[in-house]
Structures are given as structure tokens and as C-alpha cells.
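Have the model open as you read.

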Amino acid sequence: MRQARPYSAMFAGGVSARTGPHSLPLARIKKIMKRSAGENSGDGGGARMISGEAPVVFSKACELFIAELTRRAWAATLEGKRRTVHKEDVADAVQNTDLFDFLVDVVMAGDAAGRDDDNR
């Protein structure tokens with residue numbers, strides 16, 4: 001009989017000692033943090049070292065952000081008496097929530113691009 005290996009829970013969606021209970025990949029978050037820090041600094045050096053806790057905190061913050069945006073988009077979907085979330089539902093969630101004001105320009109830019117495609 002085949003024995004389960006120590007990292008087999010990682011592929012089954014469980015918690016392992018190596019990855020922890022994170023939905024988002026910590027290595028990818030760390031790479032994004034390093035890249036965005038390099039763009040914002042004038043010398044191009046960016047952050048060479050990132051503490052081990054920082055990607056974990058960002059991962060949790062991203063999970064909470066995605067969950068809240070999804071919850072509000074789902075409410076907009078139910079108001080439209082549908083069972084499938086559309087980009088318009090996400091746009092409604094962003095426009096109707098003060099917390100997501102920083103995304104209004106992104107949603108408007110995407111909406112304008114969609115209208116341009118419809119006019120062709």
C-alpha cells in the first residue's frame with residue numbers, strides 16, 4: 001500500500017508546513033512586491049530583501065479584498081435575478097461601495113473599452 005507523503009496535502013488543498021493555509025502563492029506575491037518596489041524607486045534597485053511575514057500579510061489582505069468584492073458583486077448579481085456574475089456586477093459593486101473608490105477609474109476605463117468594441 002502506498003503511503004501519503006509529507007507534501008501530499010499541499011495538492012489536496014490542505015495545510016502543509018511548507019505553504020501554510022494560504023490561497024495565493026507566496027512566492028508570486030514576493031516577486032510582485034520586489035518588482036513593484038523597483039518601479040517606484042528612482043535608483044531602480046527596489047527591495048532586495050522582504051521579510052518572511054510580509055507576503056503572508058499581503059496574501060491575507062488580498063484574500064479579504066477578493067472575498068469582499070466577490071460578496072458585493074454576488075449581491076449585484078442577485079439583484080439582477082441572475083445566477084452568473086458578469087463584469088457589470090463587479091463594476092456595480094465597485095461604483096456602489098466607498099471602500100472600492102480607488103478602482104472606479106479602472107472600471108470606467110474597462111467599461112469605455114467595452115463600449116468601443118460594441119460600436120465596431
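Is Asp89 buried or exposed? Asp89 is buried, with a relative accessible area of 1% (buried means under 20%, exposed over 50%, and partly exposed in between, with a 1.4 Å probe and protein chains only). Before we go on, note that this is a predicted model, in which local features need pLDDT of at least 70 and side-chain atom pairs count only at pLDDT 80 or more, while totals for chains, interfaces and linings use all residues. Residues are numbered from 1 along each chain as its sequence is written, and side-chain values use heavy atoms, without hydrogens and water.

Asp89 sits in helix H4; helices here are DSSP runs of H or I with at least four residues, numbered from the N terminus. Its side chain makes a polar contact of 2.8 Å with the side chain of Thr77 (a pair of N or O atoms within 3.5 Å, one able to donate a hydrogen and the other to accept it; residues adjacent in sequence count only if both atoms are side-chain atoms). A polar atom of the Asp89 side chain also lies 2.9 Å from the backbone nitrogen of His86.

Now step back to the helices. H3 (residues 53-79) packs against H4 (residues 87-95) at an angle of about 115 degrees, with the axes 8 Å apart; axes are lines fitted to C-alpha atoms over the stretch in contact, and angles run from 0 to 180 degrees between N-to-C directions. H3 is therefore roughly perpendicular to H4 (65 to 115 degrees). On the H3 side, Leu69, Arg72, Ala73, Ala76 and Thr77 make the contact, meeting Asp89, Val90, Asp92, Ala93 and Val94 of H4 (heavy atoms within 4.5 Å).

Notes: Helices (H or I, at least four residues) and strands (E, at least two) are DSSP runs, numbered from the N terminus. Angles under 35 degrees count as roughly parallel, over 145 as roughly antiparallel, 65 to 115 as roughly perpendicular and the rest as oblique.
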